[in-house]
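Trainee: Please take me through a single part of this model, slowly and closely. I am new to it.

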Amino acid sequence: MEVTVNKTLDAKGLACPMPIVKTKKEMNTLEPGQVMEIQATDKGSTADIKAWAESTGNQYLGTVEEGDTLKHYLRKASSEEEKTETKHPHVVTLDELFRKLEGDEKITILDVRESAEYAFGHIPGAVHIPLGELEERFEELDKNDEVHVVCRTGSRSDFAAQKLAEKGFNQVRNVVLGMKEWTGPTNKLH
């Protein structure tokens, strides 16, 4: 498959949230209708870029795998297609989440990181659904539960929290700073 691109962004070797941070910056340099190829090695970048494009009106065209490299293709939106990037309005800090866990409050923790990230350390009892699978697996969660969504940095979990809210979950909280700053108890699967 041959795709004509106007700009190529090298985000190989970068972990979340850096591929999406660089993508946002570079998209500003494109004209509407132009296409950018983002080369990344972070497996979570596919779901991140797809969700970000959806939240901003830019068009996610697809991803091609070449060895260890993922090549993501985005088309810059016209001013009519663009939307203001939204953030989920309800957030909790890691300290607030830790206090809820210590107080034995009934909450659901949803971890939307990739399987490898989850295996190397997650909050005990967390439900694991990678962001890229969330659309097909909503029914595994109870809409009446208080759901706290966590990822590595708070970026993927923000997209996931917005998706859950759109599906009728009304007690969704994005856990800000994410697992990279978590100092509470963790379980490991490896």
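**A loop lysine and the sheet beyond**

Mentor: K76 lies in the loop between β4 (69–75) and β5. Strands here are DSSP E runs of at least two residues, and helices are H or I runs of at least four, both numbered from the N terminus. The model is predicted: local features need pLDDT of at least 70, side-chain atom pairs count only at pLDDT 80 or more, and totals for chains, interfaces and linings use all residues. Residues are numbered from 1 along each chain as its sequence is written, and side-chain values use heavy atoms, leaving out hydrogens and water.

Is K76 buried or exposed? K76 is buried, at a relative accessible area of 9%. Buried means under 20% relative accessible area, exposed over 50%, and partly exposed in between, with a 1.4 Å probe and protein chains only. The K76 side chain reaches the backbone oxygen of M27 at 3.1 Å. Leaving out residues up to four places away in sequence, K76 touches several others, including N28, E31, N58, E81 and E82. Contact means heavy atoms within 4.5 Å.

Now follow the chain to β5. Strand β5 (91–93) is an edge strand, and so is β7 (127–128); each pairs on one side only. The open sheet has five strands, ordered β5-β9-β8-β6-β7, with parallel pairing. Two strands pair if DSSP finds at least two bridges between them. At the β7 end, two bridges join β7 to β6 (residues 108–111). There, D111 stands opposite H128.

Methods:
Polar contact = N/O pair within 3.5 Å; in protein donor to acceptor, adjacent residues only side chain to side chain.
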